[in-house]
Every structure is written in structure tokens, then in C-alpha cells.
Amino acid sequence: MKASTLLKLIGLIVVVALGYAAYRLGWSVIEPKIDQRVATIGLTANQIAANGPLPGDISLYAKEMECQQKIPTPGYYSSLNGAEISDAQRSGLFPCASFLGARDGANTVYAWRSADDYPGISYINNRKPGELYIVGGEYPTLEDPNMAGPFVAKADATTGKQLWRTYLDNLNASGRWIGNANLNILANGKIAFSWSNQIVLLDADTGAILKHNTLPSGDAPPMDTNFKHMTIAPDGTLIMKDQTRPKGCTLQGTMAIIKCAAEEGMKQPNSQLVAVNPDTLEVLDDIQLPEPASSPHIVSMYEGRIAIYIGMDKSARRYFWDAETKKLSADDSWVIYPMQEGQTTATAPSLVGDWIAFQLNGAGSEKVASSIVVANLKDASRKQIIFPFGELKKGEWSFAPPKCGADPENNMIYSADMGVGKVAGIKLDPASGELKVVFVLDDTTTTFQPLFGPPDERVLVLTNMKRNVEKEPLKAALFTANYKEQLTWRDAATGKIIAESDFFEPLTINSLTPPGFGGRVYFPTAVGKGFYVLQVMPKARSPGGK
């Protein structure tokens, strides 16, 4: 071989080798970028911003826990969210929950999805920092109308990784009606949980079933009852009440009440009020109510007695629990009829000083707008009423399933009507009960209106729905989950928006977006995968100045 040819061959080999080295070196840089780009496909901007699990501000954990332990919550574990909606009054008020964003200025919302899936998730509660307890398997979807459940699960509060899951039923096998079920963590740290006409006591550390009992359903067929409503009295007794599925209705989920009773006019059996020992689950006493009561009750003290307030289909009433005689009794001196003709059931009441407030149209109405009615605790004849969204226009549908929110320290009431797509902040005069609308927001939500933070810095946390098909009737979009939903943080005094998340899969209807330790919020989805963990931070403090 000639020398010139040999040199050319060697040169070619060197060029190829250098090219290959450059290719490998370049690919080592490009490949991670491609992998990163692929990993972000399908993620929202909030999820990309977080880029991983959100522990929140860990320096606040102990402070928040200490704050909560100074607030009396008899019967409940002293935590940020040891009950379905914060306390025995179902106030939705979380004064020890932190908001980490700027009240004046730009904010960034970070979001991360739970590592594990929890089908049909509805409620999320916490006990100690780092712990989450989840209820699921009782919210049917179009894809899974007869899902297995309910179940209770424990998860890591940052990642959503499951620690244990205990299934308690399977409607396909048992034939029971399974509706939404709430979760309460007792003062001793155990979990009392009820569904259908069943109740269990769970070990919160292991998920083991410690006790079980069957609850009396009165005239309602046991298969058509759902003892979702559990509230702990100051003496620790479990005060329970069932929802009833209309006779002849075969649908699953709590929405069966709306579809069969409100939409098709099928008749519900009357509800049953039951008192249960929290340690043994023994039924101490029970009485049948004069009407169906599809919404939860609340428990508080009135003149030294344990009082139970219940909104029903036509009336709202007070009952008493005597801790010494172990007896339930009706207070016939306190009965109101808050509904106007054409309105539907009163939702769970809210206490504001000497007044108790009820949201109307809990089952929806195409005839009369929703209203807020307040009645005096000492004199039920003293009532005030307000229609915060005005009259119902032709073709509109009023649907206000969540209880009204309340801030007793600021004399505020919050009303949400998803049918007309509005939320209102209402001021209550503590002396007269007079009601005055402070603000009205264009915001469509089926859920509660929780309040975070101290009295002078309250943050109102609202979800907001957006239809996938703008002109689709709202009722159709709701029943088919054909919409997306976001979380918003607002100034509770004015309604001014402070921060808003991306739009995610729909929140479970009539659920709650509860606080987590360290400034986090949990967003449970029924049709998505598990839940989202959300956190707000001032934009200037974002990594890299994003």
C-alpha cells in the first residue's frame, strides 16, 4: 500500500473516531434532555414547576400542631384536619393551617400527583405530620359504576405512597348501596368509620379492624341506608345519622339521592338518629326522624346540653343527647321550616354566634333560587333570609349541595350555588341576624368553602369548574364529569383572588380540599389518579426566579 493511501486511511479512521466520540458526547447531553421532555408530557405547568413531591415548609409542622392543640376539639384527635370538615360543627374552619403565598403580589402554585392511585377518593384527613388517611372506593364513575369499596388507606403525606389499605365492602358481592363515607379520627388516635348500616373501629397504624357492629335503620331497608353522617359529641359518643336511598332506586353513590329523588320524584324513607359507644361500638340509643335527612348534622353545646342540629327535607330541628341517661330526645320547641315552595332540602347547618345558618336547594331546583336562612338558637321564630344570587332566571338550575361556610369570629357566611355558577360572601349582624351580601364571585363549585389561617388573615379556598364543552348544559357536564377543575385562594373578606392553580381532573363532588402541614392543600379526584398535593409560594421566591 502506498504511503499516501495509508495516511488517507489513517486520517479517515481518526475522523470517524472523533465523529463517533463527538456523537457519544453530544448524545450524553441530549439524551437526558429528551428523557426530561418525555417525562413532562401530560403534566401541567404547576406539576412541571414542582418537579417532585412537595413536603411543604417543614419548619411549620410543630408550630401548626401546637396551635391546633390549643383549640378544644373534644372527642377528636387534635390535628389540622382530624374530622371530616374540621370539627363537630363541620365549620370548615382551619385557623392553624398556613398559607405560604403573598397576599399582595404574584404567586406560583406547585402541584404534584400522589405516587399511588386511590380509586373513587372522597375525603382526606391527617393525624400527625407525615400521615394521611384516605377514604375511597365509594364514588362511582362512568368507567367504574360499581367499584369495589369503600376502603380506608394510610399514605405518606408528601408522596402519597400507600402504607396500608383496608377494604371494608364490595357492593358487587354484598348488594349494599354504597354512598360517600366520611372519616373521623378519635381522640385516642383510632379511626371510627361507617358505611351502609355498618360501623368499624380501625387501628390507624396498621389498618386492622378492631371492632364491628351493625346499625339500626328504622323503617328504611338496610340495603338502602348509608350511615355517612358521624359526628363526635363532647363526651366522646358517636352521634350518627343515615342517608336513605329512595325506594326502588338501584343507582350507586350519594348522587343516587339527587337522581332518583329530585330528578325522578322517588320517595325516600325517613332517616334514623343513633348514638354509639366509641370504644365498643355498642348502640346506646336510636330514634327515627320525622323526615329524610340527606345532609349531615352538627353537634354543639347549648345551655349546658349536647345539642344536635339537623336539616331535613322540609324542616330543620334540634335534638339533645344526654350523656348521663344515654338517651336521645327531640326539642319540640326548636323547629323551623326554612324552605320556600319550590326549594329543596337544607344542607348541613353552620353556627355563627347565636345563629344557625342553612343553605337551601341542596338537592337542586329549577323553580326557585337558593337562599341562606338563619335562625336564632334561643328563639327559632327569629329568622332572617337572603337570596345572595337574586331570582332564578328562566332555564337556570340552582344546585347548592355543600353546606354554607362560616367564620364566626368575623361574622361571615359563604354560600355556593354551582348551578348558577356563583359564590357569595355574606355578613351577619350578630345582634339582629340581618344578612348583607359583601361580594359575589363567578365561580362554579360543588364543594365546601374552607377557610385557612387566623381571623385577621383568613384565606378562602374555592374550587372552580370549567366545562370541556362550553355550551354543554351544566347538569349534563356534572353528571358525566365532562369538565376540569382548579383550586383558588382568595381573600376571605373581599373575595379577591390571591392565587390559582392549573385545571386538573374534577374534584370529587361535594368533597373537601383540606389543609396539610407546612402550607399544603390536598385535592382529591374521583376520575383521576389519586390526589394532588398543592402549595403556593411568592413568585419572587421560586427557584431560578421563575
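Helices (H or I, at least four residues) and strands (E, at least two) are DSSP runs here, numbered from the N terminus. With that in hand, welcome to a predicted model, in which local features need pLDDT of at least 70, side-chain atom pairs count only at pLDDT 80 or more, and totals for chains, interfaces and linings use all residues. Residues are numbered from 1 along each chain as its sequence is written, and side-chain values use heavy atoms, with hydrogens and water left out.

Let's start with the whole chain. It holds six helices and 33 strands, and its C-alpha trace spans about 115 × 50 × 50 Å along the principal axes. Of the 546 residues, 59% count as buried, meaning under 20% relative accessible area, where exposed is over 50% and partly exposed lies in between (1.4 Å probe, protein chains only).

How far can you trust the coordinates? The mean pLDDT (the predictor's confidence in each residue, from 0 to 100) is 90, and 91% of the residues reach 70 or more. Residues 29–39 stay under 50. Where pLDDT is low, the predicted coordinates should not be read in detail.

Now for some backbone details. Most residues other than glycine have a negative phi, and most peptide bonds are trans. The bond from glycine 149 to proline 150 is cis, with omega near 10°, and proline 150 sits in the loop between strand 4 (131–136) and strand 5 (151–156).

Glutamate 303 has a positive phi near 50°. This glutamate 303 lies in the loop between strand 15 (298–302) and strand 16 (305–311) and is exposed, with a relative accessible area of 62%. Alanine 481 has a positive phi of about 55°; alanine 481 belongs to the loop between helix 6 (474–480) and strand 29 (483–491) and is partly exposed, at 27% relative accessible area.

Methods: Contact = heavy atoms within 4.5 Å.
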